Protein chains: 4
Amino acid sequence: MRKSYFRPVKGAPPPLCLTISRRVRFEEVDSMNVVWHGRYASYFEDGRVALGNRYGISYSDFIRERIPVPIRQIQIDYYHPLMFEDDFEIKTILHWSDAARINFEYVISNAAGKLVCTGCTVQMMLDQDLNILLTLPPFFAAFLERWKRGELA
Amino acid sequence: MRKSYFRPVKGAPPPLCLTISRRVRFEEVDSMNVVWHGRYASYFEDGRVALGNRYGISYSDFIRERIPVPIRQIQIDYYHPLMFEDDFEIKTILHWSDAARINFEYVISNAAGKLVCTGCTVQMMLDQDLNILLTLPPFFAAFLERWKRGELA
Amino acid sequence: MRKSYFRPVKGAPPPLCLTISRRVRFEEVDSMNVVWHGRYASYFEDGRVALGNRYGISYSDFIRERIPVPIRQIQIDYYHPLMFEDDFEIKTILHWSDAARINFEYVISNAAGKLVCTGCTVQMMLDQDLNILLTLPPFFAAFLERWKRGELA
Amino acid sequence: MRKSYFRPVKGAPPPLCLTISRRVRFEEVDSMNVVWHGRYASYFEDGRVALGNRYGISYSDFIRERIPVPIRQIQIDYYHPLMFEDDFEIKTILHWSDAARINFEYVISNAAGKLVCTGCTVQMMLDQDLNILLTLPPFFAAFLERWKRGELA
């Protein structure tokens, strides 16, 4: 059974998911002929960016609002390697949080459906002094509202 | 207090440590003017490679013995950003394990001594069929012996 | 007028072209908010790989035949920057050569059709001793035949 | 004989040189067990940054003065591969220019003194509207003065 990175939040709506497809590029493969482990952070980012764009909570939205959302934590668990030109899918799962915090989970699988890796990132929304935001930015609060009302399914 | 990534092993010798210095390179910095979070896996690798070379358990030793030691897990906790041309230190800590497993912990701090990030990696030693090794390779068993006898302090 | 990287070869068939689309990823952008100049080698490779796959002269074909085709030269001329999430096109142009040599030209333009950069790479086909091949590998000779007969247009 | 990337300028002082040492890192090596060709742009940048810091014309100086100095051209000629943990030297050579332009040449050689690659970059100094500077920034003009007077040898 798959590892669970986040504790369930009471009364939270179901997670939002988005799956994108990619192919391994030559420069991503190391001398062991597999994707270098450090590259997966960039695959996770591909998934995170796509989901953010889809739901109106993109990098550009946060930059426009001047709200840094740095990554505070990343975890990656590797199960099966990817090789040059392998097609694979990145499933990105946004879990609900009541705080100024963004909890993403990731599941990467290859074209045969085999589990390649899982992982998570935790981001915090900060103010200009790099303290954690006490009030959510309106565009994000609105997004949470729609999510809670089930309008994003 | 610093996070503890590995449970203590009973009767284990104290961890082995090595600290190296680096400076942030231009291409490592993202458009937020800080080192991109995904780069830290490569800083950890710098530390891991240096410690392996120092104690005779380098990448080259494992390649010569044809023993893959893929990374199974990585965790990174980010506390403070690094910027272009910041000098920083990577402290790599090898924790004892009784299994065919290599447990590294990492602590990165900037020139002012401020904690930048911590993290860990877990590697497994595999045989040619990618199963976990049941018997340690002689060079690694010898290394463990010396470590246990306190000859590597 | 666009720079010409290769001298025309007498009696050569017209170049083969393939255009692919990409979007700038976050980690490709530097602290000046533009794609770091060194990244373009990887965009060129995306184009080169796609053209190779399309015409049966892929990296995998050369690896299977154990023929190294290292890059001997790269040139890049930069005209206009790319920024985060910019969509752009990579046009890859394979020029005819009578030698064991692969001459690629590249033209990158943004979504508005503005010229971003141009460049070229030169690769040599080598034997196992890393000397330049005197006889072309059959799969490549066959590819040249089809190209010359106009079957690849 | 080594390729010459820049035409000599009449009455110009001799070039400024700086050599730094590096070791190939694991992630820089591709599946052919050699440093991926696209990585050399980053080695050139290591050399360029070091020379800039040494002579007071660093990235930080240009950023402070808000003068973009984007790379307009890069050329790399590859002669011999580098492998994992190879030690190598990057010799960076700054050639004189009378224009708002920075002409760097690079020579990389391995620990045995064998020529690995050579190359060049051309940078232009721009104003805030991204037009080429008509007047050099004072700190750079002063640097050229000292260079011309032979004070930087």
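This report describes a predicted model, taking its confidence, its chain contacts, a sheet and a helix in turn.

## Model and conventions

Residues are numbered from 1 along each chain as its sequence is written, and chains are lettered from A and ligands numbered from 1 in the order in which they are written. Because the model is predicted, local features need pLDDT of at least 70 and side-chain atom pairs count only at pLDDT 80 or more, while totals for chains, interfaces and linings use all residues.

The average pLDDT (the predictor's confidence in each residue, from 0 to 100) is 95 for chain A, where 99% of the residues score at least 70. The model has an ipTM of 0.96 and a pTM of 0.96.

## Chains A and B

Contact here means that the C-beta atoms of two residues, placed from the backbone, lie within 7 Å. By that rule, 16 residues of chain A touch 16 residues of chain B. Helices (H or I, at least four residues) and strands (E, at least two) are DSSP runs, numbered from the N terminus. Helix H1 (40–55) and strand E2 (71–78) of chain A each supply at least two residues of the side that touches chain B; E2(A) gives the most, with eight residues.

On this side of chain A there are eight nonpolar, five polar and three charged residues. Ala, Val, Leu, Ile, Met, Phe, Trp, Tyr, Cys and Pro count as nonpolar, Asp, Glu, Lys and Arg as charged, and the others, Gly among them, as polar.

Two strands pair if DSSP finds at least two bridges between them. E2(A) pairs with strand E2 (residues 71–78) of chain B in the antiparallel sense, over five bridges. In this pairing, A:Ile76 stands opposite B:Ile74.

## Chains A and D

Nine residues of chain D are in contact with nine residues of chain A.

Chain D is superposed on chain A by a rotation of 180° with 0.0 Å of shift along its axis, at an RMSD of 0.0 Å. The two copies are therefore related as by a two-fold rotation axis. Both copies use the same surface, since 100% of the contact residues of chain D recur in chain A. The residue of chain D that comes closest to the rotation axis is D:Ser31, at 2.1 Å (C-alpha). The superposition is by least squares on the C-alpha atoms of residues with pLDDT of at least 70 in both copies.

## Strands within chain D

Strand E3 (residues 87–95) of chain D runs antiparallel to strand E1 (residues 16–23) of chain D, with eight bridges between them. Here D:Arg22 stands opposite D:Phe88.

E3(D) is also joined by eight bridges to strand E4 (residues 101–110) of chain D, again antiparallel. D:Lys91 stands opposite D:Val107 in this pair. A hairpin through five residues connects E3(D) to E4(D).

## Helix H3 of chain C

A residue is buried if 20 or more other C-beta atoms lie within 10 Å of its own, exposed if 12 or fewer, and partly exposed in between, with C-beta atoms placed from the backbone. In helix H3 (residues 138–148) of chain C, the residues C:Phe140, C:Phe143 and C:Trp147 are buried. They lie on the same side of H3(C) because they cover an arc of only 55° around the axis; the arc is that of the directions from the helix axis to the C-beta atoms. An α-helix has 3.6 residues a turn, so residues three or four places apart point the same way.

The buried residues of H3(C) pack against strand E1 (16–23) and helix H1 (40–55) of chain C. The face turned away from the buried side carries the exposed residues C:Pro138, C:Ala141 and C:Glu145. Just after H3(C), C:Gly150 has a positive phi of about 80°.
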